[in-house]
Amino acid sequence: MKALNLIGDTNFLMTGLNYLQNKFSFTIHSSGTPVYVHHRPGPLEVIQNDQAYTLYYEETAHFFRAFTMILTHDNSEPFHLIEHPQFQEIGPMIDLSRNAVLHLAKFKEILLTCATLGLNTCMLYMEDTYTIPEYPYFGYMRGRYTQEELSSLDDFAYHLGIELIPAIQVLGHLKNPLKWNFAQDIKDTEDILLVDEPATYQFLSAAITAASQPFRSQKIHIGMDEAHQLGLGNFLKKNGVENRFDIMNRHLHKVKQITDTLQLDVQMWSDMFFRLGSKTGDYYDLKADIPKETIENMPDVSLVYWDYYHHDQQAYHQLINIHRSLKKPVIFAGGIWLWNGIAPNYGKTIDATQKALAACKETGIQTVYATLWQDDGGETPFDTCLLGLQLFAEHQFYPEVSLAHLGKQLKQMQQEDIHSYLLLDLFDRTPGTDSINSHASHASKLALYQDPLLGLYDINLNRHPLKKHYQDLYQQLKQTPTTKKTELLFQFYQQLALFLSQKIDLGLQIRQAYQHKNTQEMEELLVLIKQLQEDTQELHSLHRELWLGQNKVFGWEILDIRYGGILARLDSAYLRLTAWVSHPQLVLEELEETLLPFDGPYVMPDEGIIGRNLYQGIISPSKLSDV
């Protein structure tokens, strides 16, 4: 255990240092190695000489990064560290709206990790997971945070030098809360608020007040992205056809009146202006035409350009410059791909981030977010993001970041092995995809959930040798190094690889045995089905332990249902196939159907894309739930 003696004006740092003792083993004592602390403008710097350290920092979060480097440095050699921050603000945007709502202890652990990496901001994306006292059904049974919980997080972050910023929605992406009766008079469509309706702004006044009050920050992100049907639902019935740019700007002005009253500095996603100006509705349309009067009438807001898709640095340059033509401050939001399916996509994350942040540095962008979306239920365990957080942190302190440098820093600062994290990339970077899975194929999620008898993706998945791929991945995961923190995480993924290697071609084997009237082969498959049921239960158990170790319980019921669906369908398959083995003259209608390749959206075999990572489109062509 290192003993350190801090010398200098460190009073404000002591609370954060007490927090840090939950992560690293050290003591602060007058008999320890001297650390001379100097708060001054300029780069972060640590100098070791004569059995002492001198530490220079400008921001509190930078101090904690430097202090972490002292704690984790091998004392066998002296060192001199100097790092130049590239951005004024950088940190994660944590999605808390896709069922997975981090409990306070886990959130504080993540904030501590961010501080040790030198990240100085964190955004909480909350569609309906904060409490609005006047609207008790808003976020009901969704794991919403209380005002006291958010204040607790803000206090914790403050002492680590991290600014917490609420991010809410004031137009679209509100399907969950708008399903309740309180919203009947304030919705345009099922997920978009009704513009110009007085009750809408009464609701928004309460929402913005509730979301902003627990935080010291005067910033707020108001969303307003992907409102594709704006003005085309109840608004159209009530008002007729109206220019959608005008609807958008008018609503923004009314929201801005509320935020101005609360003295808030507003950020918003930028995509709707570009989508409305594009003939195809494409956010990244370089020919999008935004009327001059729309630009002139836009209130004072910062525009957040979000892009985690491009792999061409010049594309980011072009789109940043186009954003600046709107004459508003521009913020950039990249992404750590936790939402690929059930495993992270690090090939795409690393390549897109390298190109995007290089362009941000060259064009003078000063605020950067790393979005951590959790689309379709928050299935991917949160700690898979640790390599991505390290990547964004290294881009904060270095003009360029090599993979070797990233791995070295991950090992020193988080004690994690980069090769272990990159193995997780192989769940979806399968044979047939390109070297970085740039098109975001999702083979592992499809193979996990697809039905053993219907096999919607059986042909698509078995165009390539995925069985051997997952067998090899299972063996690699068995041997990969982990830490106490990530041991359970890698146990889960090891079990997932084993499960996929056994299930990936099950449907085709069943169909072949049935068509050839091979009862002996079918009996062997019945044994495999029983084994898969046991493996499903083990996978479910590991996943549940991971979830409850990081998230509130709300939302887990959805994954219970999904795992239950796997088990129930394996059980039905077992019963039907057992009956057929006893009476091979039985006709099994689902196996009589001619199997076709999946031919829905997002399937482009020539580009290595397999499927769409939404549960409802994987399990059956029948309706999951609808009128």
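## Close-up views of a predicted model

**View 1. A buried salt bridge joins Glu149 and Lys552.** Glu149 and Lys552 are both buried (under 20% relative accessible area; exposed is over 50%, partly exposed in between, with a 1.4 Å probe and protein chains only). The two form a salt bridge, with the closest N and O atoms 3.1 Å apart. A salt bridge here is a side-chain nitrogen of Lys or Arg within 4 Å of a carboxyl oxygen of Asp or Glu. The pair links distant parts of the chain, 403 residues apart. Glu149 sits in helix 4, Lys552 in the loop between helix 21 (519-550) and helix 22 (556-582). Helices (H or I, at least four residues) and strands (E, at least two) are DSSP runs, numbered from the N terminus.

This is a predicted model: local features need pLDDT of at least 70, side-chain atom pairs need pLDDT 80 or more, and totals for chains, interfaces and linings use all residues. Residues are numbered from 1 along each chain as its sequence is written, and side-chain values use heavy atoms, without hydrogens or water.

View 2. Glu109 is partly exposed, at 33% relative accessible area. Lys106 counts as buried, at 5%. A network of salt bridges links Lys106, Glu109, Asp383 and Lys485.

**View 3. Arg429 meets Asp425.** The salt bridge between their side chains spans 2.7 Å, N to O. Arg429 is partly exposed, with 25% relative accessibility. Asp425 is buried, with 3%.

**View 4. Phe12 and Tyr158 form an aromatic pair.** Rings of Phe, Tyr and Trp (its six-membered ring) pair if their centres lie within 6.5 Å; planes under 30 degrees apart are stacked, over 60 edge-to-face, the rest tilted. The count comes to 39 aromatic pairs. Phe12 and Tyr158 are edge-to-face, 5.4 Å centre to centre, with 80° between the planes. Phe12 lies in the loop between strand 1 (2-7) and helix 1 (14-20) and Tyr158 in helix 4, so the pair ties together parts 146 residues apart in sequence. Phe12 is partly exposed, at 36% relative accessible area. Tyr158 is partly exposed too, at 37%.

**View 5. Lys530 lies over the face of Tyr574.** The distance from the ring centre is 4.5 Å. A charge sits over a ring if NZ of Lys or CZ of Arg is within 6 Å of the ring centre and within 35 degrees of the ring normal.
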